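Let's take a friendly walk through this model, one region at a time. Keep the structure open beside you as you read.

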Amino acid sequence: MLSYRHSFHAGNHADVLKHTVESLILTALMEKEKPFLYLDTHAGAGRYLLSGEHAERTGEYLEGIGRIWQQPDVPELLKPYLSAVRNLNPHGTLKYYPGSPLIARFLLREEDKMELTELHSSDYPLLRTEFSKDARARVARGDGYQQLKAKLPPLSRRGLILIDPPYEMKSDYQDVVKGIQEGHKRFATGVFALWYPVVMRQQIKHMIKDLQATNIRNILQIELAVRPDSDQRGMTASGMIVINPPWKLKAQMEELLPWLHQKLVPAGTGHFSVTQIVPE
Ligand code: SAM
């Protein structure tokens, strides 16, 4: 059932968008001294070898992180994210790509905490080994959606919850909304960030309608498309839905998206947008 492996897609345009947003939220949370929790419900393997068989077969990272990480005019706002990428690649060759838990590991402070969950029998041991010496992190093999009940609210009453399922099963589009509802019931002030792919636009429209029907307030939608919507197979765009976004996030993404779109999509196809879909 679990056939998705993130190693085929690591560092693609969708990861660039997701990890940019993640890094901006973490940076905003660190503006206050009080520690916080980073909860990653679908954490993946942590580190991805870009010269490995999986990434090489698809070459997706070449049209993602490969297009931006060494640009001379990188916007200041991208620096936390790109520093995490450089930290894994100190010799100037792009060998490894950091997944969401490694971006957090690079940015978080000593006193912050990480709860990382991964279900896959091959990716979980890689993640556990990656974090075996990090006292801030707890790594569990299990169902990410369950963590939204089990791990919330955090003791610190501050946190980012990243929800990044593979959408292998159609039920994921409903499960993410149910999961967010459960999490929000327990931790209404938390920042929840949900990643989504646009494969069939209708699925995203439904998911957003369901989310709006929960009566949860203050929801921001950020999207970057590399091609127009299509009925054909394949992902044309991806997005992040952020509940309780840091107040600067909307303006930050409005500043970054034109640059990101121009670099990631030299052909100029697709679109980008930042929309407050539910007000405060
Ligand atoms: N968040 C990671 C990152 O940005 O680097 C990538 C995660 S990948 C898109 C989705 C991951 O969810 C896969 O590694 C998959 O094995 C895992 N997964 C699938 N179903 C799961 C579940 N019910 N609970 C936890 N993890 C699950």
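## L257 in its helix

L257 sits in helix α10, which spans residues 249–264. This is a predicted model, and every value here is computed from it. Is L257 buried or exposed? Residues with 20 or more other C-beta atoms within 10 Å are classed as buried, and L257 has 20 such neighbours, so it counts as buried.

Setting aside residues within four places in sequence, L257 is in contact with L224, F272 and V274. Q202, by comparison, lies 55 residues from L257 in sequence, and their C-alpha atoms are 24 Å apart in space.

## The nonpolar core

In soluble globular proteins, nonpolar side chains tend to be buried together. Here the largest nonpolar core has 74 residues. Those with the most contacts inside this core are I25, L160, A193, L194, M240 and V242. Which element gives the most to this core? Helix α1 does, with eight residues.

Not counting residues up to four places away in sequence, L160 touches I25, L26, L29, Y38, V191 and A193.

## Helix α4 and its two partners

Two packed helices are described by the angle between their axes and the distance between the axes. Helix α1 (residues 13–29) packs with helix α4 (residues 79–88) at an angle of about 110 degrees, and their axes are 8 Å apart. The two helices, α1 and α4, are therefore roughly perpendicular to each other. Their crossing is right-handed. On the α1 side, the contact involves H19, T20, S23 and T27, which meet P80, Y81 and A84 of α4. By class, the residues of this contact are three nonpolar, four polar and no charged.

Helix α4 also packs with helix α5 (residues 100–107), at an angle of about 100 degrees and with the axes 9 Å apart. That angle makes α4 roughly perpendicular to α5. From α4, the contact uses P80, Y81, S83, A84 and N87, while α5 supplies L102, I103, F106 and L107. The residues of this contact divide into seven nonpolar, two polar and no charged.

## Helices α8 and α9

How are α8 and α9 arranged: roughly parallel or roughly perpendicular? Helix α8 (residues 172–186) and helix α9 (residues 201–212) pack at an angle of about 20 degrees, with their axes 10 Å apart. Angles under 35 degrees count as roughly parallel, so α8 and α9 are roughly parallel to each other.

The crossing of α8 with α9 is right-handed. Y173, Q174, V176 and V177 of α8 make the contact with Q203, H206, M207, D210 and L211 of α9. Sorted by class, this contact has five nonpolar, three polar and one charged residues.

## Backbone details in the loops

The peptide bond from L152 to P153 is cis, with omega near 0 degrees. P153 is found in the loop between α7 (144–150) and β6 (159–163).

N218 is not a glycine, yet its phi is positive, at about 60 degrees. This residue lies in the loop between α9 and β8 (219–225). With 14 C-beta neighbours inside 10 Å, N218 counts as partly exposed. N244, also a residue other than glycine, has a positive phi near 55 degrees. The place of N244 is the loop between β9 (237–243) and α10. N244 has 22 C-beta neighbours inside 10 Å, so it counts as buried.

Definitions and conventions
Residues numbered from 1 in each chain as written. Predicted model: local features only at pLDDT ≥ 70, side-chain atom pairs only at ≥ 80, totals over all residues. Axes fitted to C-alpha atoms, helices over the stretch in contact; angles between N-to-C directions. Helix = DSSP H or I, 4+ residues; strand = E, 2+ residues; numbered from the N terminus. Parallel < 35°, antiparallel > 145°, perpendicular 65-115°, else oblique. Left-handed = near helix turned anticlockwise from the far one by under 90°. Contact = placed C-beta atoms within 7 Å. Nonpolar A, V, L, I, M, F, W, Y, C, P; charged D, E, K, R; others polar. Core = buried A, V, L, I, M, F, W, Y, C linked by C-beta atoms within 7 Å. Buried ≥ 20, exposed ≤ 12 C-beta atoms within 10 Å, placed from the backbone.
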